Amino acid sequence: GTDLTVFTSPGRQQFHPIHPKAGGNLNGSGTPAFRSGDVGMGAVTDNGAGNYTLGLDTAFSDTNYWCAAWGRDTTSNNHALVSAGPAFTKTTSAFQIVVSLFGSGGIDSTEVGISFWGDYA
């Protein structure tokens, strides 16, 4: 992953750790599910208001993978925050998040975008 002169074909690029491995656009209201077009995302478990466990289609090699996420606010007065609590699930094949508003509890956000990077097993 450090050579600057070797060509990498598109079929091999996905194995580099900084190539996104999974992600999508989650509708967290009603019955939470990823909209069509997600990449590498599995089932979504609804753990309560704004609390979701996201399954990954392919397991990472360890739990040192990382993600970036954002959530759509469902009110006009606050801002949504996507985070993970200290006791939340983070395994090689599942990741738990909560979408909340500053100063209040979880919300069933109508749109959560998330992407994952790391090494596959």
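Analyst: Let's start with the pair itself: the side chains of Arg72 and Glu111 meet in a salt bridge, at 2.8 Å from N to O. The term means a side-chain nitrogen of Lys or Arg within 4 Å of a carboxyl oxygen of Asp or Glu. The structure holds one salt bridge. This is a predicted model, where local features need pLDDT of at least 70 and side-chain atom pairs count only at pLDDT 80 or more, while totals for chains, interfaces and linings use all residues. Residues are numbered from 1 along each chain as its sequence is written, and side-chain values use heavy atoms, with hydrogens and water left out.

The two partners sit 39 residues apart and link distant parts of the chain. Arg72 is in the loop between β5 (66-71) and β6 (80-83), and Glu111 is in the loop between β7 and β8. Strands here are DSSP runs (E, at least two residues), numbered from the N terminus.

How open are they? Glu111 is buried, with a relative accessible area of 17%, whereas Arg72 is partly exposed at 38%. Buried means under 20% relative accessible area, exposed over 50%, and partly exposed in between (1.4 Å probe, protein chains only).

Now for the strands. β5 and β8 pair in the antiparallel sense over six bridges; two strands pair if DSSP finds at least two bridges between them. Within that pairing, Ala69 stands opposite Ile114 in β8. Both strands belong to an open sheet of four, ordered β2-β1-β8-β5. β5 is at an edge with a single partner strand, so one side of β5 has no neighbour in the sheet.
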